[in-house]
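Have the structure open while you read.

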Amino acid sequence: MRVAGSNPEYTWCLWDDNTNKPAVPRVEIRLPSVTTIIKTVLAKPALVAWAYRQTRDVMTGVFGLIESGELSIEDAVDTFTDPDMAAEWFKDNRLRPDDYADDASSRGQAAHDYLERVARLQLKGGRDAALAFVVDRVDKTKDPYERGINDWWVDHDPHVVSTEERMYSLEHGFACQTDLVWETPAGLRVVTDLKTRASVDWDVYLSDEAQVGGQQIAHDERHERPSDHGTVLVVHETGEYKHREVRPNAGKVFLGLLTVYNEMKKGRG
């Protein structure tokens with residue numbers, strides 16, 4: 001089974017209910033993930049602004065070190081006029097793109113683990129148990145992403161249906177893992193995807209909406225009770241959160257991206 005971020009595909013095998021083991025001969029079904037499809041096809045304009053901010057911050061940081069006397073002008077010139085030395089400096093200070101990606105991945109995984117923890121607490125102990133846990137954590141946690149999740153939970157009082165559920169669409173040929181499927185106090189079923197952001201621009205992106213649209217398609221194919229809404233929950237490094245409903249055509253947008261993805265994959269191994 002695919003672990004988030006480890007492989008662009010999900011793998012299932014056919015199961016023999018009589019033996020409670022994989023069928024013999026073994027038959028595997030490989031399906032691309034929703035995130036793989038979107039990342040392959042859809043550009044991310046926000047990355048341009050992000051790259052500018054990172055360049056700006058590195059430059060001001062270096063000159064700040066010079067101003068404070070922590071870095072001499074001579075050492076700065078020696079370092080940043082030599083590509084190898086500059087590369088080593090960026091490595092030592094964890095300022096390479098991969099370093100940012102690793103930090104973002106760790107941040108996101110921790111937030112997802114926390115949301116799953118609260119959701120499973122409700123599935124096991126009931127809504128009151130989860131709400132009491134969250135309320136107790138509101139003023140205690142120092143993690144801003146946990147604070148955002150706690151505030152959202154208190155504000156929306158979700159009735160958890162499932163968390164981290166792996167689903168697939170055989171009709172369209174893709175797979176996904178939903179962060180949270182829940183019902184509102186009014187009984188509406190919602191598929192929600194969690195995003196963590198540390199940038200100045202931390203609104204919901206088109207890629208976020210397309211991702212939820214794909215998740216809704218898979219959910220509705222696998223469950224008798226269809227979803228009423230799809231939403232994106234964005235938590236920021238300040239501890240704030242935004243909760244946005246995706247557009248009604250988000251599923252159609254995703255299927256359009258899937259069509260492009262499938263065309264791009266034709267003729268490749």
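Helix α8 takes in residues 206-222, which makes 17 residues. From first C-alpha to last it reaches 25 Å, close to the 24 Å expected at 1.5 Å a residue; that expected span is 1.5 Å times one less than the number of residues. Helices here are DSSP runs of H or I with at least four residues, strands are E runs of at least two, and both are numbered from the N terminus. Since 13 of the 17 residues of α8 are buried, the helix is largely enclosed by the rest of the structure. Buried means under 20% relative accessible area, with exposed over 50% and partly exposed in between (1.4 Å probe, protein chains only).

A word on the ground rules: this is a predicted model, where local features need pLDDT of at least 70, side-chain atom pairs count only at pLDDT 80 or more, and totals for chains, interfaces and linings use all residues. Residues are numbered from 1 along each chain as its sequence is written, and side-chain values use heavy atoms, leaving out hydrogens and water.

Next, the strands. β8 (residues 229-236) is mostly covered, with 7 of its 8 residues buried. Its partner β7 (residues 189-197) runs parallel to it, joined by 8 bridges; two strands pair if DSSP finds at least two bridges between them. Within this pair, T196 stands opposite V235 in β8.

Over in helix α5 (residues 97-125) sits Q122. How buried is Q122? Its relative accessible area is 5%, so it counts as buried. Leaving aside neighbours within four places in sequence, Q122 is in contact (heavy atoms within 4.5 Å) with R127, A130, W153, P158, H159 and V160. F133 is 11 residues away along the chain, and the C-alpha atoms of Q122 and F133 are separated by 9.6 Å.

Finally, the whole protein, which has 9 helices and 9 strands:

| Whole-protein property | Value |
|---|---|
| C-alpha box along the principal axes | roughly 75 × 55 × 40 Å |
| Buried share of the 269 residues | 38% |
| Share of contacts (separation of 6 or more) from residues 24 or more positions apart | 59% |
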